[in-house]
Amino acid sequence: MNEIFNLNEYPVVNVLGLLLKDKTTKKNIIFATNAYSDIDSKITEKTQITEALLLKIGFDKIKTRVDKSEEDQVKRTRKKAEVFTPSWICNKMNNHCDTEWFGREGVFNTEKGQTWVVNELPIEFSNENDWKKYVDSKRLEITCGEAPYIVSRYDVATGEFIEINNRIGILDRKLRVVNENTDTKEQWVLWVTRAFQSVYGYEFQGDNVLIARVNLLLTFTEYYKDRWGDTPEDNELKKIANIIVWNIWQMDGITGTVPFGKPKEENRQLTFFDYMQGINDTEDEEMDCIIRDWRSDRTLTYRSIKEGK
């Protein structure tokens with residue numbers, strides 16, 4: 001686990017509180033699984049994930065799928081259909097999308113069985129500014145788990161770390177294009193920011209949401225250090241983390257709503273008038289998830305996008 005990331009170290013610990021936020025509920029993401037009740041019986045599906053709670057149960061309890069016990073993996077597969085895709089399949093599917101976008105095959109790499117050979121030549125675009133259109137093109141990974149289609153820091157099936165120059169995620173490809181087409185740090189930060197704004201993913205289970213967000217954050221710091229030989233400052237981390245929290249959100253993909261409905265107000269007691277109006281505190285009130293369109297600078301519900309409104 002520590003080889004992949006550590007919640008209690010830079011850069012994650014610097015923005016952990018932000019990474020736990022839910023932009024729709026304005027509270028924190030919830031566990032949305034009973035897998036942690038064995039650690040603390042008070043943790044239920046609806047329990048919010050907080051820094052204090054993570055400190056109490058141990059930061060190392062948030063594990064990637066490959067680090068979970070075989071029994072836990074089987075349970076989550078049965079209950080939530082949680083199955084993670086090996087990197088070579090992610091690469092094959094991402095390559096297909098790029099073949100459609102570019103109109104030619106083998107743009108970023110050539111597949112070789114269950115591996116690939118990177119195309120080391122700069123990516124060619126038909127027109128001078130088409131690289132900007134590619135960076136801005138929106139991509140969504142549904143039920144994203146740890147977001148292996150978006151970023152490929154490691155193979156989710158094996159836990160094997162993947163070096164930057166061999167990565168195949170959607171965002172990895174955009175960041176490579178930014179690297180090849182910018183000269184100054186100011187330009188680089190601008191277009192890297194736009195690249196992060198263009199990739200989206202939703203997931204039901206809270207630990208996966210957090211891991212996916214961490215993977216995107218670490219992708220930012222790793223590419224930053226690789227390009228500039230330095231680490232991002234806190235203000236840069238917070239800006240990217242805020243984008244990540246908007247774009248990687250917790251949702252029931254079937255309904256387009258917050259898992260288990262709108263969070264109940266703490267310590268709220270039902271009154272006689274509540275009962276007269278048929279309000280039942282045990283029922284879940286649906287709450288549409290909201291996401292952000294960064295180019296138009298507006299928020300909208302996922303349901304409205306799905307229904308084409």
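**Questions on a predicted model**

Biologist: Does Asn 94 count as buried or exposed?

Modeller: This is a predicted model, and the relative accessible area of Asn 94 in it is 5%. The cut-off for buried is under 20%. Because 5% falls under that cut-off, Asn 94 counts as buried.

Biologist: Which residues does Asn 94 touch, leaving out those up to four places away in sequence?

Modeller: Asn 94 sits in helix α4, which covers residues 87–102. Leaving out residues up to four places away in sequence, the partners of Asn 94 are Tyr 149, Ile 168, Gly 169, Ile 170 and Arg 173.

Biologist: For the chain as a whole, what percentage of residues counts as buried?

Modeller: The chain folds into 11 helices and 9 strands. Of the contacts with a separation of 6 or more, 70% are between residues 24 or more positions apart. Out of 309 residues, the share that counts as buried is 48%.

Biologist: Which residues line the largest cavity?

Modeller: Rolling a probe the size of a water molecule over the atoms shows where empty space is left. Searching the whole structure gives 1 cavity of 30 Å³ or more, and the largest cavity holds about 30 Å³. Its lining divides into 2 nonpolar, 2 polar and 4 charged residues. By name, the lining residues are Asp 136, Lys 138, Arg 194, Gln 197, Ser 198, Tyr 200, Trp 294 and Arg 295.

Biologist: How many residues apart in the chain are Arg 194 and Asp 136?

Modeller: Arg 194 and Asp 136, which both line the largest cavity, meet in a salt bridge with an N to O distance of 2.6 Å. Arg 194 belongs to helix α7 (residues 185–197) and Asp 136 to helix α5 (residues 130–136). The pair links distant parts of the chain, with a separation of 58 residues.

Biologist: How many salt bridges does a search of the whole structure find?

Modeller: Side chains of opposite charge can pair when their charged atoms come close. Some of these residues form a network of salt bridges, in which Arg 153, Arg 167 and Glu 222 are linked. Over the whole structure, the number of salt bridges found is 13.

Biologist: Which parts of the structure does the salt bridge between Asp 288 and Arg 303 tie together?

Modeller: The closest N and O atoms of Asp 288 and Arg 303 are 2.8 Å apart.

Biologist: How do Asp 288 and Arg 303 count by accessibility, and which class is it?

Modeller: Relative accessibility is 29% for Asp 288 and 27% for Arg 303. Values between the buried limit of 20% and the exposed limit of 50% belong to the class in between. Therefore both Asp 288 and Arg 303 count as partly exposed.

Biologist: At what distance are the closest N and O atoms of Asp 60 and Lys 61?

Modeller: Asp 60 is partly exposed at 46% relative accessibility, and Lys 61 is partly exposed at 31%. Asp 60 and Lys 61 do form a salt bridge, with their closest N and O atoms apart by 3.8 Å.

Biologist: Which residues lie nearest the centre of the second largest pocket?

Modeller: The second largest pocket has a volume of about 370 Å³. By class, its lining has 6 nonpolar, 5 polar and 6 charged residues. Of the 17 lining residues, those nearest the centre are Ile 30, Lys 46, Gln 48, Pro 263 and Lys 264.

Biologist: Which peptide bond is cis, with omega near 0°?

Modeller: Most residues other than glycine have a negative phi, and most peptide bonds are trans. Pro 11 lies in the segment before α1 (12–19). The cis bond there, with omega near 0°, runs from Tyr 10 to Pro 11.

Biologist: What is the phi of Asp 297?

Modeller: Asp 297 is in the loop between β8 and β9 (298–301). With a relative accessibility of 55%, Asp 297 counts as exposed. Its phi is positive, in a residue other than glycine, and lies near 55°.

Key: Residues numbered from 1 in each chain as written. Predicted model: local features only at pLDDT ≥ 70, side-chain atom pairs only at ≥ 80, totals over all residues. Heavy atoms only, no water. Helix = DSSP H or I, 4+ residues; strand = E, 2+ residues; numbered from the N terminus. Buried < 20%, exposed > 50% of the residue type's maximum accessible area, 1.4 Å probe, protein only. Contact = heavy atoms within 4.5 Å. 1 Å grid on protein atoms, 1.4 Å probe; cavity = no way out; pocket = protein on both sides within 12 Å on 5 of 7 lines; lining within 4 Å. Points joined across faces, edges and corners; volume = space filled by probe spheres on them. Nonpolar A, V, L, I, M, F, W, Y, C, P; charged D, E, K, R; others polar. Salt bridge = Lys/Arg side-chain N within 4 Å of Asp/Glu carboxyl O.
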